[in-house]
Amino acid sequence: MKKSIIYMIIICALFVFSGCGGGGGGGVSGNTPVTISVSFQNNSASSINPKGLLTHVHYTVTGPNMVAMEGTVPVVGDAADIYLLVPTGQQREFYIEIFDSSGERAYYSEKKKVDLTGEAITIELALHKVQVCNDVVQAGANKPESFTIELEKKSGAFRFDYETYSIKDRLIITYEGNTLYDSGCIGTNGTKTEYISYSGNSSSITIEVQPNCEGTASTQWNFVVYCPQEQENTIVGAWAHVALERLNDGTWGSILEKVVFRNDGTGAEINRRVNYGGFVNSFNRIDFTYSTNPNQDGSTNLTIVYPDRTLTHKIIMSDNGNMVIIDRTSDASSKRMDVAIKMDTAKSYTAADFSGDYYAMGYSYDINVLFSPGLNNTFSTIASFDGIGEYSYEGTWHSDEIIFTQSQVAPYAVTNIDGSILAGGNFSGYLGESGLFITSHPTINNHWRMTFGMQKQDKIYSTADLAGTWAIAGFGDTNGESFGDVFGIMVCNNSGNCTATLKNQKDGDVLNEQFDFTGISVDPDGSFGYFENTIAPSYSAVIGNNGNTIMMNMSFGQSDLYERDILVGVKCSGCSNLAGQAGKVRTKNIYFKKRNNVSNKENQNPAFIKIKGGT
């Protein structure tokens, strides 16, 4: 590394009005003249920083039984002279920061503690250059090193790429004293990427490198921290929202509405239709104010202030900004699932905007079994819309321990105002961006339902589209008697192996569940799934929305027919540990096996869960 030496002579009389010293009781009395030798490990003092020349030095001296000393002096050439005397005593700690012309910290020293006896002393402090995000840091040294990375923002999510090759090293990222990420002792054998969120009062992080963490002789490693992207208040705009809820007293509820968030912190719920316990109500407009606050786990707290109450929701937005899911597991009074999709309010819609093939999945509670043979139902369908007012669908349902298929042809209409959908079967909903839609049955007082759908094969997919971090929300029941909602993350690699860590709030108990999915193979249309019944959907899980949305129906591959669960997820590169660490832990492995061109009848071996791709 390049090295150069600045000599900063710290020798001055102790003036009571100088602000640079302090007396101390105890220990050896008097003052010690100190010379500090500062070595630049990365660049010389006269080098040009990305934001300008080095201009001034800030020093701090602290210790027991003394008043802290600090001050600022200018850099002249390659030197800075500070005239002061340090009170004699033990454990005097010296620390220096050097700033550039823009006021940004450019270098910082290690903190060094020295015992001062009254005799003149020279202290060497090694300076480290403050790395700026997007700088590549490379080193082959075998001793531990620490780097400060300036992110230039006090909150956000940044991308972290690192490579440790075959010899294992460990990298730890901290922010304001808290660990954001710990790689563990790892040999990556290729670049590994993480997306990490932070929020606080500082704009810098610290990366500690522990090379040769298994005690080997030599190593190589490198990393790069990318600058956080500009984060606008992406909740601004119009959203279509659907919710399904079961209260602990057995009451069911559903909501369908359009919600508008404005730049000035105001908003409105428009055309809100609700059904709780069979009482159907409509509200043309409810005004509110709102605020957002990002969390370190990649979520955002959305606080909405209504005229009569205030609510705070923990929301996750997809990486492409057009879909939101909400964490409902903290409310023990009910089990609920919410999905919102971004709307294009500048567009004039017609039926032609709702055409082609769509995947759809949902849950319904049909108290009078008008639409299904059972009360509690999950379903997965493929619906085809002709663009002029007629649609058809074929779906598979799990209805009170009965698996059946159903098809229908019916009319539909789309308003040209905001993309509202009105279709046969008395359901209605909204169109969103990128081929997303939601529907419900908001006007039927004895039926509660939510459906989420997305365009089929909006691009050519592969298993690699599964890789990354997904935020997951879900809803389900066991035998129609036990209900639960879940929230957490699922992390997948390029090989089709995923680990889901979910918080499950069920019947007053909270579990932290981990599910390992292995051997997933994604078909070009985005679908993948499993089955072990003679009747099963042509897909149980699917990726869409240009790789930003996943939906999984876990109701058809069980060894029994008492479990119904649906999961919806959004790609969230900056998410981590959304489930927290509450409650008990339950782990389950789910093995996916791919068999093409084999009929369901030939795949009834219950020894493992099989997977069928395609449609």
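With bonded cysteines counted along the chain, the disulfides follow the pattern 1-4, 2-3, 5-6, 7-8. The model is a predicted one, in which local features need pLDDT of at least 70 and side-chain atom pairs count only at pLDDT 80 or more, while totals for chains, interfaces and linings use all residues. Residues are numbered from 1 along each chain as its sequence is written, and side-chain values use heavy atoms, with hydrogens and water left out.

**Disulfides**

- Taking a disulfide as a pair of cysteine sulfur atoms within 2.5 Å, the count comes to four.
- Cys185 and Cys213 form a disulfide with their sulfur atoms 1.9 Å apart, and with 95° about the S-S bond this link is right-handed.
- This pair links distant parts of the chain, 28 residues apart, since Cys185 is in the loop between β16 (178–182) and β17 (192–199) and Cys213 is in the loop between β18 (204–210) and β19 (221–225); strands are DSSP runs (E, at least two residues), numbered from the N terminus.
- Cys185 is partly exposed, with a relative accessible area of 36%, and Cys213 also counts as partly exposed, at 28% (buried means under 20% relative accessible area, exposed over 50%, partly exposed in between, with a 1.4 Å probe and protein chains only).
- Cys492 and Cys498 form a disulfide with sulfur atoms 2.1 Å apart, and both cysteines are buried; the torsion about their S-S bond is about 110°, so the disulfide is right-handed.
- Cys572 and Cys575, both buried, form a disulfide with sulfur atoms 1.9 Å apart, and with 70° about the S-S bond their link is right-handed.

**Aromatic rings**

- The structure holds 29 aromatic pairs, where rings of Phe, Tyr and Trp (its six-membered ring) pair if their centres lie within 6.5 Å, and planes under 30 degrees apart count as stacked, over 60 as edge-to-face and the rest as tilted.
- The rings of Trp221 and Phe223 have centres 6.1 Å apart and planes at 5°, so this pair is stacked, and both Trp221 and Phe223 are buried.
- A cluster linked by ring pairs is made up of Phe354, Tyr358, Phe385, Tyr391, Tyr393, Tyr412 and Phe437.

**Surface**

- Ile367, Val369 and Leu375 form a nonpolar patch on the surface, with about 210 Å² of accessible area together (Shrake-Rupley method, 1.4 Å probe, only the protein chains shown counting as cover for residues).
- Such patches are made of residues with over 30% relative accessible area and no salt bridge, like charges being joined within 9 Å and nonpolar side chains (Val, Leu, Ile, Met, Phe, Trp, Tyr) within 5 Å; a salt bridge is a side-chain nitrogen of Lys or Arg within 4 Å of a carboxyl oxygen of Asp or Glu.
- Val369 lies in the loop between β28 (355–366) and β29 (376–386) and is partly exposed, with a relative accessible area of 41%.

Definitions and conventions: Helix = DSSP H or I, 4+ residues; strand = E, 2+ residues; numbered from the N terminus.
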